[in-house]
Amino acid sequence: MKTANWPRTVAGVLIVAVLLFPLYWMVNASLQPSGALLRPDPAFFPVGGTLDGYRKAVSTQGPNLLSSVVVALGTVLVSLLVAAPASYALAQLKVRGGPALVFVLLIVQMIPGIVMANALYTVFSNLGLIDNYLGLVLADSTATIPFAILLLRAFMISVPKELTEASRVDGAGYWRTFGSIILPVSRNALVTAGLFSFLFAWADFLFAVTLTTGQSFEPITVGIYRFVGNQSADWNGIMATAVLAAVPAAVLLVVAQRYVVAGLTSGAVKD
Amino acid sequence: MTVAAAPRVSATPRANRKSRRDNRFAAWAFLLPALAYVVVFFGYPLAANLVMSTQNYTVKSFYTGEAPFVGIENYSAVLSNPLFSTAALNTALFTVGSIVFQFGIGLALAVFFNGRFLGSALLRSLLLLPWLLPLVVSGAVWRWMFDQDHGVLNAGLRFLGFDAVPWLSSTSWALSAVIITNIWIGIPFNLVILHGGLRAIPASLYEAAALDGAGAWQRFRHVTWPLLRPVTGIVLMLGLVYTIKVFDVIMVVTGGGPAGSTQTLTTWSYRLSFQDFAFGQGAAVGNVLIVVATVFGLLYLRSAKATLAEAA
């Protein structure tokens with residue numbers, strides 16, 4: 001029974017407008033000339049706007065955006081390569097010690113990132129992985145792999161055993177069964193895990209700021225941080241960069257909203 | 001299972017044993033990369049961190065490979081540092097302040113959006129945006145809004161006839177500023193999980209309560225709240241575990257300043273290791289943080305397990 005409850009809809013729009021105001025303000029500031037932003041009374045609409053901020057953002061932060069894309073895609077790849085086979089074993093094949101591993105994966109998610117950063121810094125500096133794409137991908141994966149395994153395992157448990165046993169009986173090996181049965185039916189779960197890995201690595205600041213020095217490359221989050229820290233802060237450039245850095249999140253929300261909600265709730269409520 | 005009934009399944013005991021061995025072998029092969037990852041990227045660093053916290057580990061140690069053992073000296077240095085109590089208190093205030101408001105606002109919004117009305121689902125998914133943004137982006141936006149002279153918040157206050165607030169430059173306001181930012185970031189998470197919990201409450205209970213003459217508040221008090229309790233427990237525990245280790249927001253909005261007034265255990269650990277290059281002390285603070293986070297983490301796992309048991 002769906003009734004148009006107009007007062008509720010209006011109230012809902014108002015709530016959303018208030019809560020999303022900071023995002024509007026970011027876009028608004030990104031389109032105004034630097035000088036206009038430093039007047040005591042802010043302009044609520046970017047009339048007479050300029051794309052200067054975006055020009056500055058692309059020219060100074062363009063390479064950083066590209067670096068972040070590389071790191072995020074690398075993290076998705078490593079996470080899925082490690083997590084998918086492990087989830088299959090944990091969900092479908094009886095392994096002694098499997099439940100213990102699941103418990104360990106739950107616990108390691110509680111370790112504060114700063115502890116990992118501190119520890120990885122010393123390890124990586126011995127291995128020459130500071131300021132290195134692979135190093136940052138591996139560090140980001142410490143956060144995404146446990147999550148991906150738990151999410152994929154929860155899904156793969158629900159794949160009927162008859163399906164995999166039938167494939168075994170027909171003479172397919174474990175790898176064939178994994179490749180031709182498990183992976184295709186788990187496509188949605190793989191997309192969700194990949195999406196979250198991408199978003200995490202894209203947004204990561206802690207590993208990026210501790211494990212890179214900015215000499216060979218700099219992820220966009222560190223770029224924004226240094227941009228903001230600069231005292232002669234040029235806010236329309238910063239806000240334009242912020243808008244560009246927010247684009248993947250917004251696009252993913254629109255394109256893959258149901259995966260996002262599925263991942264968000266599965267991470268919290270399911271085991 | 002008889003041999004005749006299942007001719008295609010390995011029939012003899014020997015074949016059975018072989019297939020079981022194959023199975024175990026295959027399972028380990030699939031698990032191997034993940035196991036190796038856990039050992040190399042969690043086991044080793046955590047052990048190294050523990051060792052480092054008992055050493056005088058400095059920049060020089062990276063070149064010479066030497067870091068003299070100092071026992072619990074790092075821990076006593078950290079605990080006797082006046083910044084420790086500041087950072088611990090700030091961590092507590094930041095965590096409790098963030099969670100109380102995130103949860104309260106998130107719950108109110110979940111109840112509101114649980115009502116059916118046009119656009120409810122669309123508006124609710126728009127509210128996810130702040131949660132998906134990189135924290136550095138949210139931090140930068142709020143830092144600009146908090147700006148004392150040109151920020152929109154003070155413009156609003158002046159418009160309403162109040163004095164401008166020195167959000168980021170005053171030691172008494174800066175912590176509120178980072179808490180407000182973090183509340184804003186955390187609302188969507190609370191909203192989505194609590195909304196999911198509300199969805200699971202059968203409508204018939206509300207109809208029965210309405211028939212008994214219960215008003216809106218009574219329905220919330222006697223139906224919604226008790227039935228939502230398991231989900232509430234999970235949201236609060238996860239909130240604690242996440243909020244204790246927040247780093248990005250504080251670094252971007254205030255950098256831990258002014259004068260250490262927004263330094264938490266996390267940002268202080270970063271400062272000790274990566275700005276003061278006292279890696280041993282940074283590791284010691286990190287280990288304190290691990291203990292706190294693990295306690296709440298285990299509580300979370302217990303309440304999550306209880307929820308699953310109840311649901312089963």
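This note covers the contact between the two chains, the annotated spans, and selected residues of a predicted model.

1. Basis. The model is predicted: local features need pLDDT of at least 70, side-chain atom pairs count only at pLDDT 80 or more, and totals for chains, interfaces and linings use all residues. Residues are numbered from 1 along each chain as its sequence is written, chains are lettered from A and ligands numbered from 1 in the order in which they are written, and side-chain values use heavy atoms, with hydrogens and water left out.

2. Extent of the interface. Chain A contributes 99 residues to the contact and chain B contributes 85 residues, where contact means heavy atoms within 4.5 Å. About 8400 Å² is buried between the chains, and carbon and sulfur atoms give 80% of that area. Buried area here is the accessible area (1.4 Å probe) that two parts lose on being put together, summed over both.

3. Make-up of the chain B side. Helix 1 (residues 13-52) of chain B supplies the largest share of the side that touches chain A, with 20 residues. Helices are DSSP runs (H or I, at least four residues) and strands likewise (E, at least two), numbered from the N terminus. By class, that side of chain B has 65 nonpolar, 12 polar and 8 charged residues. Nonpolar covers Ala, Val, Leu, Ile, Met, Phe, Trp, Tyr, Cys and Pro; charged covers Asp, Glu, Lys and Arg; the others, Gly among them, count as polar.

4. Polar links across the interface. Between chain B and chain A the rule finds 0 salt bridges, a salt bridge being a side-chain nitrogen of Lys or Arg within 4 Å of a carboxyl oxygen of Asp or Glu. Polar contact is found for 9 residue pairs between the chains, both residues at pLDDT 80 or more. A polar contact is a pair of N or O atoms within 3.5 Å; within protein, one must be able to donate a hydrogen and the other to accept it, and residues adjacent in sequence count only if both atoms are side-chain atoms.

5. Annotated spans. UniProt (unreviewed entry) lists transmembrane regions in chain A, including residues 100-121 and 133-152. Residues 133-152 of chain A are 100% helix, while residues 100-121 of chain A are 82% helix, with end C-alpha atoms 28 Å apart. In chain B, the unreviewed UniProt entry places the domain "ABC transmembrane type-1" at residues 88-300; this span is 76% helix and 0% strand. UniProt annotations may be inferred rather than shown by experiment; positions follow the numbering used here and feature names are shortened.

6. Of the 4 salt bridges over all chains, one joins Asp234(A) to Lys56(A), with the closest N and O atoms 3.1 Å apart. Asp234(A) sits in the loop between helix 12 (220-229) and helix 13 (235-255) of chain A, and Lys56(A) in helix 4, 178 residues apart. Helix 4 (residues 52-92) of chain A also holds Gln61(A), which is in contact with residues including Lys56(A), Phe227(A) and Thr241(A). Gln61(A) counts as buried because its relative accessibility is 7%, whereas Lys56(A), at 28%, is partly exposed. Buried means under 20% relative accessible area, exposed over 50%, and partly exposed in between (1.4 Å probe, protein chains only).

7. Other salt bridges. Arg226(A) pairs with Glu218(A) at 2.3 Å between the closest N and O atoms; Glu218(A) is buried at 16% and Arg226(A) partly exposed at 39%. In chain B, Asp276(B) and Arg271(B) form a salt bridge at 3.8 Å between the closest N and O atoms.

How values were computed:
Lists of a residue's contacts leave out its neighbours within four places in sequence.
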